[in-house]
Amino acid sequence: MLNMPFMRLKKVDISYKLENASVKAVRSFSCDIEKGDIVGIVGESGSGKSTLALGIMRLLPPNALLSAEIMSFDGKNILNLNQDELRRIRWKEISIVFQKAMNALSPVHKIFTQMYDVITAHSSDIPKGRAYKMLTELFGKINLPSKVLNMYPHELSGGMMQRVMIAMSLIHNPKMIIFDEVTTALDVITQGQLLDEIKRLVKEFGLTAIIITHDIGVVNEVCNKVAVMYAGELLEYGRVKDVIFSPLHPYTKALVKSHPDLRIGNELIKGIPGSLPDLTYPSKGCIFYPRCDVRLDLCKDVKPKISVLGDHIVKCHRIQG
Amino acid sequence: MEVQTEVIVTRRKGKNIIKFWHNYRQSLYGLIGFVILLLFIVVAVFAPIISPYDPHAMKGEVLLSPSISHPMGTDHLGRDVFSRIVYGTRVSLSVGFIAAGLSAIIGIFIGSFSGYYGGIVDEIVDKIVDTFLMIPAFFLILIIVAIFGNSIFYIMLVIGLTTWPQNARLMRAQALSLRERTFIMVARATGESSIRILFTHIIPNGVYPVLANTALQMGGAILTEAALSFLGLGDPNLVSWGKMIYQARPYMTFAWWTVVFPGIFIVLAVVSFSFIGDGLQYAFNPKLSVKQKEVSA
Amino acid sequence: MSGFIRFIIRRTISIVPMVLLIVLINFFIIHLAPGNPAQIISGLEQPSREVIKALEHRYGLDKPLVVQLGIYFKNALKGDLGYSYIYSEPVIDLIKERIGATLLLTLTSAILAFVSGTFLAAWSSRYKKGILDSILSILSYVLYAMPSFWLALILILIFSSNLRWFPTAGMFNVRLSLHGFARFGDILYHLFLPVLTLTLIQIPVYFRVTRSSIFQVSRDEYILTMTAAGLERKKIFNKYVLKNAILPSVTIFGLTLGYAITGAALVEIVFAWPGMGRLMLDAVFKRDYNLLLGIYFVLAVCICIAILLTDIFYAILDPRIRYK
Ligand SMILES: Nc1ncnc2c1ncn2[C@@H]1O[C@H](COP(=O)(O)OP(=O)(O)OP(=O)(O)O)[C@@H](O)[C@H]1O
Ligand SMILES: [Mg+2]
């Protein structure tokens, strides 16, 4: 696997089987991530961001179906790993901070117990005392007092819990971390603090990161690359300065316009009329066609190809590359 | 929007029944239970035709083991065990239906009133329900039957009067959540009387969990009657399965059939009601059925 | 810890109205029952005039109903439950002699049922949709539908009459006067079938609750976290799934105990176990209302205490509860 980027996803499809339908939550998603990248994935609720993250971790629920041409990470083919190999990769090389931190730890075990189990899952002979010291140090880096270790999850605030989960994701010094909407449930001030801390930690630990959010402002602040997702499809991918400041796809344009801090001049903040299409049906033409205000006749029935303009990728009939 | 759809839901009763049956069928247990119950009902209704002998006639030989002429043998007085079991079906089914039906009616009324009106009455009712749910009703039933008499009528009445709290609890929870729903608010705003709202909206829309529970309580009532009979507190004038076991106990060691068969029928009847309760839960709560399928998946 | 103590106090206070309600029910039954309340309390078929007078005075039966109720409360809470006419002894003394045997039976079986029900649920959850799971599930329906007394009779038929492995009746062999360890063994030997019966009828409750709770917990977020973190499946199941999944069974332990005591009363009668069941049967047959009501009261209080204890135990297991 020479010349492979750090992570390559090619034509990833994920669908959930329901009783008499199947939700195609991720559709033919392809992108490359280089070592040291901080990639933001933006998209509205239900666009398949968490599903993609779970797919990368191979943590999808049993009713989900994953297929892909390539899913590689650091020279390993993630698709072919068996349970035991997966277990060894998880957290050691790639870890994830989940969307709902409040429920992310067992309510009836102390934080330390759970942290210690995560430590010993990959390095068995660490005595408790040393683990405690190590965790205290780690907690210090993310502004958590060490007394938190002796507490139960319900005794912590949302922000503290999120910090605990971030600390937990760092335990084994992974190469990559996926942050799934870590700041969504928090107040603005805590959000800001946490983002700063994430930025600092990513640098300090030399991480590659995927930051999932529906706030394009967060991407602008923290990431160097951004992927715009819509109804399971990747619509635009590239450097933040390209995608956010000269967006090509009408959906990205609308997203940027609807953000109060990113709009240019005094344009009115506009929402995007309409809503996500029904994900149980395959889409024939452009997935964004029903809501697009610059659509062509062509867009209705013909799927747009991916246009590559240097390292800026976009999927729209109006752009030719 | 929401208002309209909800009103439509309450109006489309006919469609609901079809959908209900469609969902009910999804539960294999529910279906089996339903078939067993149908068989029991047939047996109860046609008892005189089905039973080969008079259940009280002491004609046959004493303690005959099962044979072709007496498929389940005879008891210590020479009565045909099978015929007695057939007649016992009547007692068990009527106790199940009437006692649990009474319990459902009381529970629905008390639960919906207390949940809908709330306030201090609701709190007191809740406390009483709590207590009744904690302390097994059987002892209370036993005492009342022992003191006030043990005709089948009393037995059914007392079981109904002591087991309603479960239903009240379920109904109350439904009323509490329903009264915050838009269509109830609209009804209230348009000046419908509280009683009318209770009877046309709250009860019809919230009664389903109570119905599922009632199926279980029917089984419970059958077990209670059997236990009372086993203690010698059954109706002296009727043949019941529990009483058969009670009377056969001294002869059990040399005539196992006198004890074993009535018990099997008790188990069958109670299991069929539990199965039906299962089916009803599926039918009223399709979400649950998806979940349960995953459990077995 | 002070939060915990406050929790215990709060829970203890909350059972008081329940005990009072039971006393109230008893009081009404006495007054609604056919016959004169004084006669019922005296426990005599035809008490003499003096006895009635004395009782009327003692229980305030010549006073207004509300005052009577107050006096009745006071007496009940002091443990004065009146006299049993069939034994001509205070009801409370009769109960004291026998309650130990009943509690031994009930608690042993309840704990065994809890443990084996949980174990079976954990075991069957590993073979979802397999034959084993279906068999256990149907078996749980059947056992749940089984009258305890009938199951007891069937077990006697099989293990005592046919196989002659176990004794049919009693708590110990009266012909041998055993001591120390031998006596203990003898009691265990007699305990076996009654406990087996009661355990079997309680298992379905714990089995079903734990089974569905294991299923639910397995889908909880923190299980996903632990899987993502690379913990071994076995460890996740044994440590995280199980501890969270048994919480609902713990909460129903107290309530199920009520069900177990009902079963115990009937099973005791079948096995001639010297507990409250026998006492109850005598009271029913000879219409000894006082004794009946006394048994009801004491059992109800026992169940309240059991529920209180399970609540406290639950609070130890689940840290969230202490702060609510
Ligand atoms: N376990 C599941 N079973 C069936 N469908 C699912 C499941 N999980 C997610 N979906 C569906 O897949 C689609 C994508 O969901 P996903 O959670 O990945 O979106 P998301 O972009 O993370 O949204 P959000 O911003 O709200 O977190 C949605 O339509 C959702 O309903
Ligand atoms: Mg998500």
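Mentor: Start with helix α3 of chain A: the elements covering its buried residues include α2 (83-89), α4 (128-141) and α5 (158-170) of chain A, together with α9 (221-228) and α10 (233-245) of chain C. Keep in mind that this is a predicted model.

Trainee: How many residues of α3(A) are buried?

Mentor: Burial is read from relative accessible area, with under 20% counting as buried. In α3(A), 11 of the 12 residues are buried, so the helix is largely enclosed by the rest of the structure. The buried residues include I111(A), F112(A), M115(A) and Y116(A). Q114(A), D117(A), T120(A) and H122(A) are also among the buried residues of this helix.

Trainee: What span does α3(A) reach from its first C-alpha to its last?

Mentor: A helix span is judged against an expected value at 1.5 Å a residue. The 12 residues of α3(A) reach 18 Å, close to the expected 16 Å.

Trainee: Now the metal. Which residues coordinate the magnesium ion (ligand 2)?

Mentor: For a site like this, look at the donor atoms and then at where they lie in the chain. The ion is coordinated by OG of S50(A) and OE1 of Q99(A), at 1.9 to 2.3 Å. These two residues link distant parts of the chain, being 49 residues apart: S50(A) belongs to helix α1 (residues 49-57) of chain A, and Q99(A) to the loop between β7 (94-97) and α3 (111-122). Water is not among the atoms, so a site may look incomplete.

Trainee: How do S50(A) and Q99(A) count by relative accessibility?

Mentor: S50(A) has 22% relative accessibility and counts as partly exposed. Q99(A), at 34%, also counts as partly exposed.

Trainee: Next, backbone angles. What is the phi of E181(A), and what is that of A231(A)?

Mentor: Most residues other than glycine have a negative phi. E181(A) has a phi near 45°, a positive value in a residue other than glycine. For A231(A) phi is near 45°, again positive in a non-glycine residue.

Trainee: Where are E181(A) and A231(A) found?

Mentor: E181(A) lies in the loop between β8 (176-180) and α6 (188-204) of chain A. A231(A) sits in the loop between β10 (225-230) and β11 (233-239) of chain A.

Trainee: Is E181(A) buried or exposed, and is A231(A) buried or exposed?

Mentor: E181(A) is buried, with a relative accessible area of 6%. A231(A) is buried as well, at 0%.

Trainee: What should I read for chain C as a whole?

Mentor: Take the secondary structure, the extent and the contacts in turn. Chain C has 13 helices and two strands, and its C-alpha trace spans about 80 × 55 × 40 Å along the principal axes. Of its 324 residues, 56% are buried. Among contacts between residues at least 6 apart in sequence, 72% join residues at least 24 apart.

Conventions:
Residues are numbered from 1 along each chain as its sequence is written. Chains are lettered from A and ligands numbered from 1 in the order in which they are written. This is a predicted model: local features need pLDDT of at least 70, side-chain atom pairs count only at pLDDT 80 or more; totals for chains, interfaces and linings use all residues. Side-chain values use heavy atoms; hydrogens and water are left out. Donors are N, O and S atoms within 2.8 Å of the metal (3.2 Å for Na, K and Ca); water is not among the atoms, so sites may look incomplete. Helices (H or I, at least four residues) and strands (E, at least two) are DSSP runs, numbered from the N terminus. Buried means under 20% relative accessible area, exposed over 50%, partly exposed in between (1.4 Å probe, protein chains only). The expected span of a helix is 1.5 Å times one less than its number of residues. Contact means heavy atoms within 4.5 Å.
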